[in-house]
Amino acid sequence: SSVLKVGGSIILHFPSTIDISGVTSCTSAEIPGTFVVAVNASDKEITLTGWSSDFAAGSFSITVLAIQNPRVTGTTDNFGIEILSDAYIPHIIDKNLAIAGYTVLNLPMPAGAFSYTSHGEAPGVSYAFRTSDVRPWEITFEVSRYIPSDGRVTVQIPEFSNLDSTCIVSLGLEDLGDDVNGRLKCELNDAGDTYIITQFKEFNPGSIQIRTTMTNPATAGNKKLVINTYTDSAGTLLIEGNASDYEIAIATMERPKKVEWYQLPTLNADATNLTLEFILTPFNNMAEDDRILIKLPSEMSWQAGFGSRISPYNHPEDHVAHEGVSLRTLVSGSDTLDIDPPDLGPYTIVNDQDNYVEVTGWNMPTQAGVYPIEFLIQIGGTIQEHMTLYVTVEPPVLAARSVRPFYKDASIQTIYQVTFTSTVNIASGVFDNSIASTRGGLLLRFDTMNSQGEELYETDLGTGVADGTTT
């Protein structure tokens with residue numbers, strides 16, 4: 001509403017969520033000459049001067065290059081503009097500091113930025129993605145928008161069931177704080193179909209990966225996942241979502257009528273050349289060239305000189321007399337044992353019959369944990385049946401050589417030095433109890449109550465320090 005005089009100035013005010021540090025130029029079709037641009041990124045102000053002649057009151061527009069939009073969705077604060085006179089001491093001759101902000105939109109996640117594996121198997125290996133099977137899953141997805149500190153990520157897996165109550169975030173997100181109250185959380189919602197991830201530091205665009213165990217759908221097909229990110233831990237303001245574009249392919253395959261332990265073994269870490277016994281009852285008759293495949297997890301291996309034998313289970317006391325000689329080979333490197341029951345022996349596996357299967361030469365993992373052993377029945381060159389048994393490997397006893405408090409006075413804060421000798425290598429990473437976890441950690445447990453029920457230790461025990469001389 002006022003004349004723009006040569007020597008005056010225009011001040012543009014921006015909301016705090018907009019980044020103007022990269023502004024390089026400002027132009028106007030109505031105002032003559034070239035602007036001199038001064039950017040104050042911290043105060044969110046751009047000052048324009050230098051036009052070549054007076055400009056009468058009226059409408060004009062200014063184009064600013066280049067502004068970075070807010071990192072999160074929602075409506076921005078107000079914009080503002082001030083016009084200052086050309087006087088020796090400039091004064092405001094026109095202003096509006098209540099120009100309404102605009103709404104930052106959420107975007108879909110980029111197409112194709114999604115992958116999954118099941119215990120290291122790639123999609124397309126049908127027996128790894130069998131209907132109704134219980135599987136450990138690793139799901140990786142790309143996030144294209146910034147997530148502020150203490151935001152929220154949700155992963156909905158509606159067609160799977162029996163999801164673990166928590167998931168492991170193995171890539172991308174970091175704990176919000178250093179103490180126990182600031183640790184990242186990945187928890188299952190009340191409906192049992194969505195993981196809610198909260199309490200993490202700000203996240204710049206990149207990949208996020210979660211690990212969990214769940215039961216595959218009962219029907220085959222492409223099963224959709226829904227992944228969303230939010231600006232706050234309560235999930236009130238959406239940043240981006242993929243609707244239901246991500247899919248896991250599940251194949252139809254029968255489960256053997258029975259695969260179970262003949263005798264449940266007690267196994268110790270790092271044990272070698274063991275014999276394990278199973279009961280197998282297939283759906284299908286097994287003819288010549290059909291196979292039983294026993295696939296080990298990567299942490300286990302076969303001993304040189306491994307062997308196997310198969311016999312009817314209905315004569316367990318006399319199974320040696322009914323023993324069939326089996327052809328045994330290793331396939332795919334050294335992780336899968338291929339048993340061809342009918343080739344060399346008098347005994348052939350038939351359906352609806354319990355069969356005793358004995359396999360020797362197992363080498364246990366060096367780390368304690370729960371590991372999957374997969375039984376696959378190949379009929380006519382195609383995997384038709386699949387079952388997973390889980391074996392628990394017990395840890396060796398860890399002997400602490402000494403535990404020494406630096407101060408023994410009651411009620412004072414002190415340092416404990418724990419000296420021990422480990423019998424296994426400890427892998428780097430975060431301690432967890434997930435199936436076939438390949439990450440390790442060190443867990444020290446302290447009793448926290450005395451006989452009178454009083455606390456003995458503070459709840460914020462430190463993380464500890466290695467002395468550099470021992471592992």
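**A walk from the surface to the cores**

Start by selecting Y407, which sits in the loop between β32 (399-405) and β33 (416-421). Keep in mind as you click around that this is a predicted model.

For contrast, here's some background: in soluble globular proteins, nonpolar side chains tend to be buried together. So head inside next. The largest nonpolar core has 30 residues, and F114, I139, F141, I157, I197 and I248 are the ones touching the most other members. Color the strands that give two or more residues each to this core: β11 (114-118), β12 (134-143), β13 (152-156), β16 (194-198), β17 (206-215), β18 (221-230) and β20 (246-250). β12 supplies the largest share, with 4 residues.

Zoom in on F114. Leaving out residues up to four places away in sequence, F114 touches I139, T140, F141, L225, I227, Y246, E247 and I248. Then jump to a second, separate core of 26 residues, with L276, L280, W302 and V359 among them.

Pick N162, in the loop between β13 and β14 (168-171). N162 isn't a glycine, yet its phi is positive, about 55 degrees. Q199, in the loop between β16 and β17, also isn't a glycine and has a positive phi, near 60 degrees. Which of the two is buried and which is exposed? N162 is exposed, at 60% relative accessible area, while Q199 counts as buried because its relative accessibility is 16%, under the 20% cut-off.

Last stop: A66, in the loop between β5 (63-65) and β6 (74-75). Look at the peptide bond from L65 to A66, which is cis, with omega near -10 degrees.

Definitions and conventions: Residues numbered from 1 in each chain as written. Predicted model: local features only at pLDDT ≥ 70, side-chain atom pairs only at ≥ 80, totals over all residues. Heavy atoms only, no water. Core = buried A, V, L, I, M, F, W, Y, C linked by side-chain atoms within 4.5 Å. Buried < 20%, exposed > 50% of the residue type's maximum accessible area, 1.4 Å probe, protein only. Contact = heavy atoms within 4.5 Å.
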